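Below is a short report on a single protein model.

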Amino acid sequence: MNVPRLVIAAPSSGSGKTTVATGLMAAFAGRGLAVSPHKVGPDYIDPGYHTLATGRPGRNLDAYLCGAELVAPLFAHGARGCDLAVVEGVMGLYDGAAGRGELASTAQAAKLLRAPVVLVVDASSQSRSVAALVHGFASWDPQVRIGGVILNKVGSRRHEALLREALEEAGMPVLGVLGRAERLSVPSRHLGLVPVAERRRDAVDAVAAMADQVRAGCDLDALLALARSAPALAEEAWDPAGAMAACGGLVAGAGRVAVAAGAAFTFSYAEHTELLAAAGAEVVPFDPLRDEALPEGTRGLVVGGGFPEVYASELSANEGLRGSVAALARSGAPVAAECAGLLYLARSLDGLPMCGVLDAEARMSGRLTLGYREAVAVGDSVLAAAGTRVRGHEFHRTVLEPGAGAAPAWGMHQPERRVEGFVQDGVHASYLHTHAASAPGMVRRFVEGCTG
């Protein structure tokens, strides 16, 4: 597979990666190119902006969640048929899973994809020192090819001239210069940027402004030429049907699976619904903020991550849907809930009634729980047989009391040992986010429960 590609990285978080990556995606799409958007790491929010910029699903590339061997195949799956792929990095270029070396870093992804890197540098408080900074990043790992720099937050023409002079001495091409632009700020809150689904019109305007700034300040032709210098990838594209065939194939008689969507439940990976469909399920999205009942004929329910705490009053007021969810759970039908879904199934969230499927109370807290996790299934469930090992991540500012039921979902092994989540009847509910491409067998097991 030979898809032109760029990795957009930075020395640290806050340098402007998201603005540049999203702006490049939109600018190239505006030229009529089919642009494939990707994000290194587990983040759900940035890919929403990427989707808005390109009209294609934003896809994550995470070597911790899926294994290094799946990074290139998943990339190829998303980029199939495209003219260009833009990959937004995570944190600093060489930052990855804590204590695991380069694992899950942008640098590792760039090497696995054999893609040139464009380094976005916040130049607001430096001039000639920028050359030393860039030289250090370019020479740290000879297998990482930094093909050029985009200077961000440049204060004046004189400032730009000093930066260019220094980088010319270092032999590093300057592929773009962006000034300070307050209008490009995207609102954020306790878990990062506000998702696209919550601010659709404003998000469209923000992406258009990013594209305008990138178009005006960057050499798009030089960037495209750099992308086209990437060699062909030898890895075959990941395929949901092939992944499902490898763990048992199509499930005969699979029924309708309702998947929570809308502004309150925006955290999902595109491969999950693709695998549900590949297993034979009819996937039907619904919006818990608007729909008063589950889709007719629902045999299984998936409630992923998002921001139920922001919409707690609206979710609570939708008594019809809460009753429909509770009734489905009581029937023993498969219900898989991650993080936000866990809170929605609880008895209450910040004192407001939720679905009451789980005998637990949820509330906001001042502490951010964030990080990769290793876990093992404590017992058999609709998702996994006892002893099944998975990798996932947690990302929340809420707490649940109690944090585990009589039959916990997972035994956590990193960063500390504990049990977490709930398994009861057909319900599997947990704070742990997983990537379905790393465990298609769990998707098939879930769909098997949606027959009859």
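The sections below start with the basis of the model and then take up these topics in turn.

## Basis of the model

The model is predicted, with local features requiring pLDDT of at least 70 and side-chain atom pairs counted only at pLDDT 80 or more, while totals for chains, interfaces and linings use all residues. Residues are numbered from 1 along each chain as its sequence is written, and side-chain values use heavy atoms, with hydrogens and water left out.

## Helix packing

Two packed helices are described by the angle between their axes and the distance between the axes. Helices (H or I, at least four residues) and strands (E, at least two) are DSSP runs, numbered from the N terminus. Axes are lines fitted to C-alpha atoms, for helices over the stretch in contact, and angles run from 0 to 180 degrees between N-to-C directions.

Helix 1 (residues 17-30) packs with helix 9 (residues 220-228) at an angle of about 95°, and their axes are 12 Å apart. The two are therefore roughly perpendicular (angles under 35 degrees count as roughly parallel, over 145 as roughly antiparallel, 65 to 115 as roughly perpendicular and the rest as oblique). Helix 1 contributes Leu24, Ala27 and Phe28 to the contact, and helix 9 contributes Leu220, Leu223 and Leu224; contact means heavy atoms within 4.5 Å. This contact has 6 nonpolar, no polar and no charged residues (Ala, Val, Leu, Ile, Met, Phe, Trp, Tyr, Cys and Pro count as nonpolar, Asp, Glu, Lys and Arg as charged, and the others, Gly among them, as polar).

Helix 4 (residues 68-79) and helix 5 (residues 106-113) pack at about 65°, with axes 9 Å apart. On the helix 4 side the contact is made by Ala68, Val71, Ala72 and Phe75, and on the helix 5 side by Gln108, Leu112 and Leu113. By class, these residues are 6 nonpolar, 1 polar and no charged.

## Salt bridges

Side chains of opposite charge can pair when their charged atoms come close. The whole structure holds 22 salt bridges, a salt bridge being a side-chain nitrogen of Lys or Arg within 4 Å of a carboxyl oxygen of Asp or Glu. One of them joins Arg59 and Glu271 at 3.1 Å, N to O. Arg59 lies in strand 3 (residues 59-61) and Glu271 in helix 11 (residues 270-278), so this pair ties together parts that are 212 residues apart in sequence. Arg59 is buried at 8% relative accessibility, and Glu271 is buried at 1% (buried means under 20% relative accessible area, exposed over 50%, partly exposed in between, with a 1.4 Å probe and protein chains only).

In helix 7 (residues 157-169), Arg164 and Glu160 are 4 residues apart, which means a separation of about one helical turn. Their closest N and O atoms are 2.8 Å apart in a salt bridge. Arg164 is partly exposed at 35%, as is Glu160 at 22%. Elsewhere, salt bridges with shared partners join Lys39, Asp46 and Glu88 into one network. Within it, Asp46 and Lys39 meet at 3.3 Å, N to O; Asp46 is buried at 8% relative accessibility, and Lys39 is buried at 4%.

## A buried loop residue

Where is Ser15 found? Ser15 sits in the loop between strand 1 (5-9) and helix 1, and counts as buried at 4% relative accessibility. Beyond its neighbours within four places in sequence, Ser15 is in contact with Ala10, Val120, Asp122 and Asn152. Ser15 and Val121 are 106 residues apart in sequence, and their C-alpha atoms are 5.9 Å apart in space.
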